[in-house]
Amino acid sequence: MNRQAQAAVLLLTGGAILHAGLTDLYLRYVKAGLRPLLLAAGVVLIATAIATVWYERRSPRTGPPERADTDAHAHTDGDGDGDGGGGGGDGHGGGHAHREPRIAWLMVLPLLALVLVSPPALGSYSAMRTGTALQKQPWGFAELPAGDTVRLSLVDYAGRAAYDRGRSLDDRRIRTAGFLAVGSDGTPYLMRMALSCCAADAQPVKIGLTGRTPTVLRPDTWLEVTGTYTGKQTKDPVNDGIIPFLNVTETKPIKAPKDPYDESWNG
């Protein structure tokens, strides 16, 4: 891989990162708050590629390495006829340009993955095989807004139900949303994947559904669920974390959100 090829790979990689950062594609990889850093990384890669090309064009060229090597041998030969330097072009001279190792072409693999592969958001398959992130009690809970029905994130409801015993819910009707998963015993769960930084560290927050649950349970279906607090809880079989339940009174299929991950978690 020569310098021009390196510059091309850097340019394409930076362009792909900028494309992901300027669209919603980046939400499949990192949390929304990291968007400025992602855009900055793309700009730096493109600037580096341009600087590499500029440096290559500015650097002096003295002809092909093989010819320069032969001339060097001819000047050091004492007979003046250049015959002693005739072997300088056989590839054993010291003036040959060094090639970059072929392993450098592995730089192309992340580029191909970014350009050709658009991974789906993590769903029920990963969530059911990962322990719940709800293992640390929050410092406190904010007061709920007025009204008969209050909309809460799934993470917020799970924390209040698990650690506040429903006291902050005040017998209110709760509306939340997430994707559906089904346990090995047929129990339906509503989940959101919570991020600390990126998709690689995503962990699910799970609530069980009881009451008027959907008659057809299709994993990864996004649902908006309305219900009331119930004291029922269970243990996550993966890590023994708490899984609270919601007593469902109404369900409605919804479209998957633009950002499938829940950033309200700071566990």
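A salt bridge here means a side-chain nitrogen of Lys or Arg within 4 Å of a carboxyl oxygen of Asp or Glu. The model is predicted.

Q: What makes the contact of Asp-164 and Arg-167 a salt bridge?
A: The N to O distance between the two side chains is 3.6 Å. The cut-off is within 4 Å, so the pair of Asp-164 and Arg-167 counts as a salt bridge.

Q: Is Asp-164 buried or exposed, and how do you know?
A: Asp-164 has a relative accessibility of 12%. Buried means under 20%, so Asp-164 counts as buried.

Q: Is Arg-167 buried or exposed, and how do you know?
A: The relative accessibility of Arg-167 is 56%. Exposed means over 50%, so Arg-167 counts as exposed.

Q: What makes Glu-224 and Arg-151 a salt bridge?
A: The closest N and O atoms of Glu-224 and Arg-151 are 3.1 Å apart.

Q: How do you know whether Arg-151 is buried or exposed?
A: Arg-151 has a relative accessible area of 55%. The limit for exposed is over 50%, so Arg-151 is exposed.

Q: What makes Glu-224 and Lys-252 a salt bridge?
A: Between Glu-224 and Lys-252 the closest N and O atoms are 3.4 Å apart, and the cut-off is within 4 Å.

Q: Why is Lys-252 called partly exposed?
A: Its relative accessible area is 43%. Buried is under 20% and exposed is over 50%, with partly exposed in between, so Lys-252 is partly exposed.

Q: Is Glu-224 buried or exposed, and how do you know?
A: Glu-224 has a relative accessible area of 14%. As buried means under 20%, Glu-224 is therefore buried.

Q: Which residues are linked with Glu-224 in a network of salt bridges?
A: Arg-151 and Lys-252 are linked with Glu-224 in such a network. By the same rule the count of salt bridges comes to 6.

Q: Why is Gly-231 called partly exposed?
A: The relative accessible area of Gly-231 is 48%. That lies between the limits of 20% and 50%, so partly exposed is the label. Gly-231 is in strand S5 (residues 222–235). The C-alpha atoms of Gly-231 and Arg-165 are separated by 6.9 Å, although these residues are 66 residues apart along the chain.

Q: What is the phi of Arg-165, and where is this residue placed?
A: Arg-165 has a positive phi of about 55 degrees although it is not a glycine. Its place is in the loop between helix H6 (154–163) and strand S2 (173–182).

Q: Is Asp-240 buried or exposed, and how do you know?
A: Asp-240 has a relative accessibility of 55%. Exposed means over 50%, so Asp-240 counts as exposed. Asp-240 is in the loop between S5 and S6, and its phi is positive, about 65 degrees, although it is not a glycine.

Q: How do you know that S3 and S4 pair?
A: Strands pair if there are at least two bridges between them. Strand S3 (residues 188–194) and strand S4 (residues 203–211) are joined by 6 bridges and run antiparallel. Leu-190 has Ile-207 as its bridge partner in S4.

Conventions:
Residues numbered from 1 in each chain as written. Predicted model: local features only at pLDDT ≥ 70, side-chain atom pairs only at ≥ 80, totals over all residues. Heavy atoms only, no water. Helix = DSSP H or I, 4+ residues; strand = E, 2+ residues; numbered from the N terminus. Buried < 20%, exposed > 50% of the residue type's maximum accessible area, 1.4 Å probe, protein only.
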